[in-house]
Amino acid sequence: MKCSRCGKEAFTKLKRHNAAFCKDCFELFFERQVEGAIRRKQMFTKNEHVLIGVSGGKDSMALWYYLHKAGYKTTGVHVFLGIGRYSEESRKIVESFALSHGLSLKILNVADFIGHSLPEATKKLKERAPCSLCGSIKRYILNKFAVEQGFTVYATGHNLDDEAATLLGNVLHWHIDYLAHQDPHLPSPHPKMTRKVKPFYTLTEEEIIHYVTLHNIPFIPERCPLSIKAKSLDYKEVLNSLEEKSPGTKHMFLLGFLEKGKQYFAREYTPPLLRECERCGMPTTRDICAFCRILEKLRNQGVKNSAHSRSE
Ligand code: SF4
Ligand SMILES: [Zn+2]
Ligand SMILES: [Zn+2]
């Protein structure tokens, strides 16, 4: 198999682009995709300091590697969730990567914010799916950190597969509000919220795996053990089987939606009015923000449990 660009021996075939690439041309393809996304969506410039959410997974590690290599000023932020060996390994990976590349990194420990690790909190608040609880907590502490430290842009490694799966979930449930504003660049709706960007939204999981392999970028290969029941995995499976039969389906679904479909939902959408939480002062649509409500439930659960153990 020959490279479609230069004719050298190919390293990979990308069916959705009907092209094969050698290592050099694949790198060029990959990096052009990222730069194209950053420019097209006006995500950030080299004058800005980009905060990157680094979980230790392949996507965020590849993003951190690329942005640093391309000369962007970055700081990584890692949320330590306390999910046993998985969290310990993830933390080790981001710490050693930061050290070996001379990068700045901040670790935020969930237990310092809610008094419990994520698995403990999940046990206490059984009515919430782990990923929904985790998402609310991470969103809050990451945004608070970003705002307090003066970052104006927060980047994540979400890829085409992630975004297409989110879109499928939003369509299946007709989440009109989410459909109206699903975008790889979410502007800040409030002075206490950073804008959020996803520079990998045109790259597939498979392409990112090729990139990390090519550069020996360390990452944690296992999935988070709490993700087993995540609906997004089912959506990815469905999309992958369609992609297998018709390469380019995921790309057409997501990029077609962003270019042609989203506008119809955006017309119907009125952004919610944001005010400041009565307890913590962070933006919310309610009197008390989602994070402070989680804290309250965890406290009440503790009171309930101690009353229960006293009565035993
Ligand atoms: S898979 Fe779910 S629980 Fe695990 S880190 Fe991601 S959102 Fe959190
Ligand atoms: Zn080539
Ligand atoms: Zn609050």
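Mentor: The protein chain is divided into domain 1 (31-271) and domain 2 (273-312). Keep in mind that the model is predicted.

Trainee: How many residues does the contact take from domain 1 and from domain 2?
Mentor: The centres of the two domains, taken over C-alpha atoms, are separated by 26 Å. The contact between domain 1 and domain 2 takes 14 residues from domain 1 and ten residues from domain 2.

Trainee: Which element gives the most to the side of domain 1 that touches domain 2?
Mentor: Two elements give two or more residues to that side, helix 5 (118-124) and helix 6 (130-148). By class, the side has seven nonpolar, four polar and three charged residues. The element that gives the most, with four residues, is helix 6.

Trainee: How many charged residues are in the shell around ligand 1?
Mentor: Ligand 1 is surrounded by P130, C131, C134, G135, C224, L226, S227 and A230. By class, the shell has six nonpolar and two polar residues, and the number of charged residues is none.

Trainee: Which residues is P225 in contact with, leaving aside its neighbours within four places in sequence?
Mentor: P225 lies in the loop between helix 9 (205-215) and helix 10 (231-245). P225 has 13 other C-beta atoms within 10 Å, so it is partly exposed. P225 and Y86 are 139 residues apart in sequence, yet 7.6 Å apart in space, C-alpha to C-alpha. Leaving aside neighbours within four places in sequence, the contacts of P225 are I83 and Y86.

Trainee: Which residues is C280 in contact with, on the same terms?
Mentor: The place of C280 is in the loop between strand 9 (275-276) and strand 10 (283-284). C280 counts as partly exposed because it has 14 C-beta neighbours inside 10 Å. The C-alpha atoms of C280 and I208, 72 residues apart along the chain, are separated by 38 Å. With neighbours within four places in sequence left aside, the contacts of C280 are C289 and C292.

Trainee: Is P191 buried or exposed?
Mentor: P191 sits in the loop between strand 7 (185-186) and strand 8 (195-197). P191 has 8 C-beta neighbours inside 10 Å, so it counts as exposed.

Trainee: What is the phi of Q42?
Mentor: Most residues other than glycine have a negative phi. Q42 is in the loop between helix 1 (23-40) and strand 3 (49-53), and it counts as exposed because it has 10 C-beta neighbours inside 10 Å. Its phi is positive although Q42 is a residue other than glycine, with a value near 45 degrees.

Trainee: Is W174 buried or exposed?
Mentor: W174 is found in the loop between helix 7 (160-172) and helix 8 (176-181). W174 is not a glycine, but it has a positive phi of about 45 degrees. With 9 C-beta neighbours inside 10 Å, W174 counts as exposed.

Trainee: What is the radius of gyration of the protein chain?
Mentor: The protein chain has twelve helices and ten strands, and its C-alpha trace spans about 75 × 50 × 40 Å along its principal axes. Buried residues make up 32% of the 312 residues. For 312 residues, a compact globule would have a radius of gyration near 20 Å; the value for the protein chain agrees with this, at 21 Å.

Note on methods:
Residues numbered from 1 in each chain as written. Chains lettered and ligands numbered in written order. Predicted model: local features only at pLDDT ≥ 70, side-chain atom pairs only at ≥ 80, totals over all residues. Domains from an automatic or database assignment. Contact = placed C-beta atoms within 7 Å. Nonpolar A, V, L, I, M, F, W, Y, C, P; charged D, E, K, R; others polar. Near = placed C-beta within 6 Å. Buried ≥ 20, exposed ≤ 12 C-beta atoms within 10 Å, placed from the backbone. Rg over C-alpha atoms; globule rule 2.2 N^0.38 Å.
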